[in-house]
Amino acid sequence: MSKFSPVIAARAVWQMRVRKRPFVLSHAVNSRCNMSCSFCEYWKEQGGEMPLDDIFRMLDDASSFGIGVYNAWTVEPLLREDLPQILAYAKSKGMITSLITNGKLLKERANEFHDLDYLSVSVDGTKSYKEIRGVDFEVLLDAIMAVKDKLKNPLLMNCVISGKNLDDIEELIQLARDIDVKISFEPLYEFSGIKDNVWENMGIRDVVKYHSTIDRIIEMKKEGYPIINSLTYLEMIRELKKGYNCHVNNLILNVTADGSIEHCRVHRENMGNVKDGIVNVWNASKDRQNTLAKNCEGCFFFGYVENSLMYDLNLEVMQHYEWM
């Protein structure tokens, strides 16, 4: 969280290291999507969604619990008409706000981000983007250009590296520099429940080419391109071998659209519901969450990995990782 003020950084350290509680609320603000990506499991679930008043109550509770960052994500947050009200309420509770979107509705809602601190847009390629996401890349780029200068902080393009976009990575990095935005990378996570033929089509199978691609990302990071990942993380994903202790339960409180509290995006084990009180669920599930984190074989979601490395005071990550 290198961009945070000393006051916010001190709050985060107190919350996570002393109180042993997460500082970020990652909220799956809805259960609907306007894309049907083959490699995603979330849009298929179509579960219930908390009404606005219940979200406000959750944010009140989260603030009392010590949460300092509210992150709205999955499935597609911009499908919620009341999203600006949610972000405004989180801001009124003293929280930093962030949003992760596929960008399809970004241009038409470009003037609604008054209470948004950080915006991340999924950009998984240039030439390959339409095959991966089903939308012309020019449409997405037009939306990014329409909104990027309205934001308080640089827009982030997040690219999930797959077997489909290896030829696009260097071009994406060049684009990020040219249009003055940041870019992040993480390798595709092959979720269970998705058909094997999808992973055969999308997964990282050409290891030599993948290694070459990551090597080029590392080179461009060292050359000063606006890549937010740390070198530690990039070197780790090159080998696709876990090299960190997971602290996701000490970092992030994961809440689903219906208010369920889950351990993380990988271990989607239900720990309780926000209606039962965040502190109550947290205290009751602490031992189980610690066990899941300790025994996890590891994922490479950059938010989990980079922040876990920061939690363990990795100096290179603290110096070079630029996002939350």
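Tutor: Helices (H or I, at least four residues) and strands (E, at least two) are DSSP runs, numbered from the N terminus. This is a predicted model, in which local features need pLDDT of at least 70 and side-chain atom pairs count only at pLDDT 80 or more, while totals for chains, interfaces and linings use all residues. Residues are numbered from 1 along each chain as its sequence is written, and side-chain values use heavy atoms, with hydrogens and water left out.

Student: Where does Leu 313 lie, and why is Leu 313 called exposed?

Tutor: Leu 313 lies in the loop between helix H12 (302-311) and helix H13 (315-320). Buried means under 20% relative accessible area, exposed over 50%, and partly exposed in between (1.4 Å probe, protein chains only); Leu 313, at 51%, therefore counts as exposed. Its phi is near 65 degrees, a positive value in a residue other than glycine.

Student: Why are H2 and H11 called oblique to each other?

Tutor: Helix H2 (residues 52-65) and helix H11 (residues 278-295) pack at about 60 degrees, their axes 9 Å apart. Axes are lines fitted to C-alpha atoms, for helices over the stretch in contact, and angles run from 0 to 180 degrees between N-to-C directions. Angles under 35 degrees count as roughly parallel, over 145 as roughly antiparallel, 65 to 115 as roughly perpendicular and the rest as oblique, so H2 and H11 are oblique.

Student: Which residues of H2 and H11 meet?

Tutor: With contact meaning heavy atoms within 4.5 Å, Met 58, Asp 61, Ala 62 and Phe 65 in H2 meet Ile 278, Val 279 and Trp 282 in H11.

Student: Is Thr 97 buried or exposed?

Tutor: Thr 97, found in strand S3 (residues 96-101), has a relative accessible area of 0% and is therefore buried. Beyond its neighbours within four places in sequence, Thr 97 is in contact with residues including Tyr 70, Leu 87 and Asp 115.
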